[in-house]
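Here are my notes for you, as promised. Have the model open while you read, and click on each residue as it comes up.

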Amino acid sequence: MGLTLTEKILKAHLVDGEFVKGQEIGIRIDQTLTQDATGTMAYLEYEAMGVPRVKTERSVAYIDHNTLQSGFENADDHRFIGSVAKKHGIYFSRPGNGICHQVHLERFGVPGKTLIGSDSHTPTGGGIGMIAIGAGGLDVAVAMGGGAYYITYPQIVKVNLTGKLSPWVSAKDVILQVLRIMSVKGGVGKVIEYCGEGVKTLSVPERATITNMGAELGATTSIFPSDEITLSFLKAQDRADVWQELKADDDAVYDEVIDIDLSELVPQAACPHSPDNVKTCDEIGKLKVDQVCIGSCTNSSYVDMMKVAHILKGKTVDPSVSLAIAPGSKQVLNMIAQNGALADMIDAGARILESACGPCIGMGQAPNSGGVSLRTFNRNFLGRSGTKDGQIYLVSPETAAASALTGYLTDPRTLGEMPEIKVPEQFMINDNMVVEPAPVEEMDSVEVLRGPNIKPYPETAPLVEDIECQVSLKVGDNITTDHIMPAGAKILPLRSNIPAISQHCFTVCDEDFPRRAKNMGASIIVGGSNYGQGSSREHAALAPLYLGIKAVLVKSFARIHRANLINAGILPLTFVNEADYDKIEQGDEIAIKNVRADVAADKTELTVINKTKNVEIPVLCELTGRTKEIMLAGGLLDYTREKLK
């Protein structure tokens, strides 16, 4: 029996565990990336481990999230990350160089290698045949120190692509179709592997759009084969030497198969407030648009920008629409500046933003109250845009640009003949915004620069014998990390200050939660299905840790967030019977007796006693040998320090 591409790469990197479906395995990590919203904490964690020099083949620190410097905090964080990167062997991508996933695809990604990043859209690297996985910052710190990264051996879904996209239908419409089929939780525990004759019709940037937004499926990652299309892209980046051909065996066996005929797809949009709420433009109908934002790590490539420029050339953005465009990297911005495409955008009335994440994370460009905003981004969670009642639709660059001109959601197929815009044979190469680390012999002389907003990792403690406390919060299904730990221009600068940022924890759901939880001293949170979907931000675990959360009891978890809770020493529990969710309310007194002894004894079913309602609720505590030891130690940092000793 042959192997899938996913299995080939995982098997080549296996360092711990058995290659058995559903079992935990540890894999060797070749590359890591961080961004500045998660990077400060990741590097504080790395320092705390005491490893002087990173042990990966390539680690890169990007500045792309907190680029709005309205106070000293972000600038201080950037200075800290730059200095710690120089000291410990990490490449530093300066602010203005571009979005981490776009730049990494262009300049650093290597087919067949493993990459983890402290950003949930790290699977963008799957567009060139990498196993690229989003993770918490502490997991990235451990990998930089030479430790393995642990995942559950995934189920592998084959998405069989046939046919070819019709004019004005894009890669964004492909991943929206996959989301329509699978939903935002349909990919949990799975890797999505794209195969079939249709793959050959997609460029690397198009493939990267699809793997990037695979994060919205809840999938571990997504991957395309590395073929002659990949080679052509790497040649254009002067990196042909890193290419190798990679594909699944002809007789590979998959756990699930989804067939998509590319020729049957039409322009689509994800409607508020979930990426899987997908309808065709025709189904949505005539929708008045207030704002259009084009960019993000999903759709900011050179080809995306050139298509947008073509649509806008010689025309004017509708007076009722605000159009903002952010090229994904300095490379892209330079090229469209030199060939005149940038001028076409400016002439049409577009507002040009820097090459950064910007509006995607609520960092500026919040829409008007109740406003309809079409965005080429990957997430449209409630309030993420910075406007609580903003109506966010996720669309392709073609749909976005066409709609900016008309003032209404517009099917781009109405634009007439589509131009043929290809990936260039040669990109403009200039890595002068990437700072190399100091040589080993000079690293000890590098001073790490810390600002007053940078606070240490929250205090942790080994798992207690008994948990007895109140329920500080009860929430419903599909709670995202944006609910737990909001982003945005006001809150993101506090990412390196857990005491301060914790005051915003869950305020989207309950403004009184931080004060109530802190006053309780210790408490638990109860939630519904797919709890913690979305961003990889470990702050959604660290802020609850600081506020005294001892356990989270839900119907089901999103993968990265569950891992982050374990890393923080917060007990992840799930209901044996989902109906028991109704037997526990906010404010109830609960007890979990002998929890440390039960976890140590590998007991997977525990009992939560609701003392207020006098009922017993069976719950699952599914920890493997390694995650069990992490939980007993009080978190991954404590566990790793002990291991290093």
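## Notes on the model

1. **A glutamine in a helix.** Let's start with Gln102, which lies in helix α4 (residues 100–107). Keep in mind that you are looking at a predicted model. Is Gln102 buried or exposed? Its relative accessibility is 9%, and buried means under 20%, so Gln102 counts as buried. Leaving aside residues up to four places away in sequence, Gln102 touches Ser300, Ser301, Gly328, Ser329 and Val332.

2. **The largest nonpolar core.** The largest nonpolar core has 98 residues. Which of them have the most contacts inside that core? They are Phe506, Tyr531 and Leu571. Helix α5 (residues 137–144) gives the largest share of this core, with 6 residues.

3. **Zooming in on Tyr531.** If you skip residues up to four places away in sequence, Tyr531 touches Val475, Ile479, Ile484, Phe506, Ile525, Val552, Val554, Ser556, Phe557, Ala558 and His561. Phe506 turns up in that list, and Phe506 is also one of the residues with the most contacts inside the largest core.

4. **A second core.** There is also a separate core of 56 residues. Its members include Ala208, Leu287, Val289 and Val303.

5. **Helix α21.** Now go to helix α21 (residues 636–644), where Leu636, Leu637, Asp638, Tyr639 and Thr640 are buried. What do the buried residues of α21 pack against? Their partners are α2 (36–49), α5, α18 and α20.

6. **The largest pocket.** A handy idea first: rolling a probe the size of a water molecule over the atoms shows where empty space is left. The largest pocket here has a volume of about 1,100 Å³. It is lined by 38 residues, and Ile151, Thr152, Arg559, Arg562 and Glu622 are the ones nearest its centre. At least two lining residues come from each of β8 (149–152), α18 (559–567), β24 (571–575) and α20 (625–633). Which element gives the most? That would be α18, with 5 residues. By class, this lining has 14 nonpolar, 15 polar and 9 charged residues.

7. **The second largest pocket.** This one holds about 690 Å³ of space. Its lining has 26 residues, with Thr201, Ser203, Glu206, Ile421 and Lys422 nearest the centre. The helices α7 (204–212), α8 (228–236) and α10 (302–312) each supply at least two lining residues, and α8 gives the most, with 4. The lining divides into 13 nonpolar, 5 polar and 8 charged residues.

8. A disulfide is a covalent bond between the sulfur atoms of two cysteines. How many disulfides does the count come to? The count is 0. Take Cys281: the nearest cysteine sulfur belongs to Cys271 and is 9.1 Å away, while a disulfide needs the two sulfurs within 2.5 Å, so Cys281 is in no disulfide. Cys281 has 6% relative accessibility and counts as buried. Cys293 is in no disulfide either, and the nearest cysteine sulfur, that of Cys360, is 9.7 Å away. Cys293 also counts as buried, at 1% relative accessibility.

9. **Backbone details in the loops.** The peptide bond from Pro272 to His273 is cis, with omega near -5°, and His273 sits in the loop between β13 (268–270) and β14 (278–280). Trp168 is not a glycine, yet its phi is positive, near 70°. You'll find Trp168 in the loop between β9 (155–162) and α6 (171–182), and it is buried, with a relative accessible area of 4%. Ser296 has a positive phi as well, of about 80°. Its loop runs between β15 (291–294) and α10, and Ser296 counts as buried at 2% relative accessibility.

How values were computed: Residues numbered from 1 in each chain as written. Predicted model: local features only at pLDDT ≥ 70, side-chain atom pairs only at ≥ 80, totals over all residues. Heavy atoms only, no water. 1 Å grid on protein atoms, 1.4 Å probe; cavity = no way out; pocket = protein on both sides within 12 Å on 5 of 7 lines; lining within 4 Å. Points joined across faces, edges and corners; volume = space filled by probe spheres on them. Nonpolar A, V, L, I, M, F, W, Y, C, P; charged D, E, K, R; others polar. Buried < 20%, exposed > 50% of the residue type's maximum accessible area, 1.4 Å probe, protein only. Core = buried A, V, L, I, M, F, W, Y, C linked by side-chain atoms within 4.5 Å. Contact = heavy atoms within 4.5 Å.
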